[in-house]
Amino acid sequence: MGCGVFGHGKGNFVEYVAFTCFVSAMGSLILGVSGRHVSVSGIAERWKDLSGSNNWEGLLDPLDSDLRRYLIHYGSMVAAVYDSFINEPISKNVGLCRYARKHLLRESGHDNGNPFKYEVTKYFYSPSTVPTAIDYLIQPQRPDAVLKQSNWMGYVAVATNDGKAALGRRDILVAWRGTVRPAEWVKNFNFCFVKAPLIFGQDSDPLIHKGFYDMYTAVNQDPVLKGVSARDQIREEISRLVEKYKDEDISITLAGHSLGSSLATLAAVDLVTNPINKDSPIPVTAFLFASPKVGEHNFKNAVSNLAADNLKILRLTNANDIVPTLPPFGVQENTTLPIISYEHVGLEFHFDASKSNYLDGFKASWHTMVTYLHGVDGFQGSRGGFKLHGNFDVALLNKYKDQLKGNYSLIAPAKWYAVKNRGMVQQDDGTWILDDHEVDGI
């Protein structure tokens, strides 16, 4: 579990194994049948501070224990998108989610042991076509592919009654994954600046990354998506949920990784600039993992000015990750000069996962979400060093990679995650078909 209650934080391998065995034997006594009785400390009472109401003052160094758990929770909710994305090139379902909404968190391993319960209410999709001579290289291989010009990017979820009790309010979550499909890589490297009229108005000054803006606002051309942009999908669902829970304390939290952090930034800025509920502003917080830069100085200034209007942004950056240093600069679309620098927005929380004794520095991927969550779990701040606090499962470091070193590599085999039979399902007559998608209306 990405946000399981017990992690693997003992100082040496022998102690680690003993501790793990003890927890395994005693788990039912400690956690109870459902895991919902696990203490979540002061999160329910402190959620406003943890979501940045005081700009995380005094919470980052040393890292507040509740905030540590909070950050790992939201990062794990993003990981569920990666874990469920169909990326099999020959599948007609490539670009879709493997699971129906009601099963997403359970089937992706993000429900057991997690007291922060959510109901996934909406999947959203972004276009990622590239109208160039290489277009044929990035289209689905099958002519009957469900999505030919778009991909599933994430989901909207709302805290259940149990989740509300653990979180202290009815949280509406928007989770964005990072780059997976080839066309998305092309979008990442479109460093041109464009204006953002759908966010700031026609005569606005802020300039933002063209590729990110297109993925957020462009209309999805696939017929099953009915010509609706990611922006409209998200805002319509949030509006529905806000109306449904209008008599309760509500928050909107956006979380994303890499490309998804950039898109979460735009969505968060949009939700505050163009609020869903103008009469009673809802606090909006964005937790951005490994975020590239999104805009230039005018965009940064615009975002800073929104801080008084309920927008809070915390950017998590791992020391050896190059992605947060990008893009360096660009030019406005259809121009060659001037060259304009990209700038970051929000408050940065910087840590160094390379201090971990668990990671093999020669094989570790400093950009992946699991490495980020491991880094947050072990962060010691200005005291230096690295000490796990048990909020993130070390076994997940080897889920898609081979990152654990020495004796710690005995915790889990390298690249241990695999979809059963790669989606092939045996039929009653003994034959096999590729059936890798649980039908759940787009």
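Which helices each supply at least two residues of the lining of the largest pocket? I opened the notebook with that. The model is predicted, and I read it as such.

**Entry 1: the pocket**

I found three names for my opening question: helix 3 (65-84), helix 6 (182-188) and helix 12 (369-378). Helix 3 gives the most, with four residues. I then looked up the volume. The largest pocket holds about 1200 Å³ of space. Its lining counts 49 residues, and those closest to the centre are Tyr82, Asp83, Thr179, Val180 and Tyr400. Next I sorted the lining by class. I noted 27 nonpolar residues, 14 polar ones and eight charged ones.

In what order do the seven strands of the open sheet lie? I wrote down 1-2-3-6-7-8-11, and the pairing is mixed. Strand 1 (118-127) and strand 11 (347-351) are the edge strands, and each pairs on one side only.

Strand 6 (residues 250-257) and strand 7 (residues 284-289) run parallel, and six bridges join them. Within this pairing I checked isoleucine 252. Its opposite residue in strand 7 is valine 284.

**Entry 2: cysteine 192**

Where does cysteine 192 lie? I placed it in the loop between helix 6 and strand 4 (193-195). Helix 6 was already in my notes, as one of the helices that supply at least two residues of the pocket lining.

Is cysteine 192 buried, partly exposed or exposed? Its relative accessibility is 25%, so I class cysteine 192 as partly exposed. The cut-offs settle this: buried means under 20%, and exposed means over 50%.

I listed the contacts of cysteine 192, leaving aside neighbours within four places in sequence. They are Ile208, His209, Lys210, Val331, Glu333 and Tyr342. I also looked up a distance to threonine 336. That residue is 144 residues away along the chain from cysteine 192, yet the two C-alpha atoms are separated by 9.9 Å.

**Entry 3: the whole chain**

The protein chain has 442 residues, and 55% of them are buried. I counted 12 helices and 13 strands in it. How many of the contacts between residues at least 6 apart in sequence join residues at least 24 apart? I noted 72% for the protein chain.

Note on methods: Residues numbered from 1 in each chain as written. Predicted model: local features only at pLDDT ≥ 70, side-chain atom pairs only at ≥ 80, totals over all residues. Heavy atoms only, no water. Pairing = 2+ DSSP bridges. 1 Å grid on protein atoms, 1.4 Å probe; cavity = no way out; pocket = protein on both sides within 12 Å on 5 of 7 lines; lining within 4 Å. Points joined across faces, edges and corners; volume = space filled by probe spheres on them. Nonpolar A, V, L, I, M, F, W, Y, C, P; charged D, E, K, R; others polar. Buried < 20%, exposed > 50% of the residue type's maximum accessible area, 1.4 Å probe, protein only. Contact = heavy atoms within 4.5 Å.
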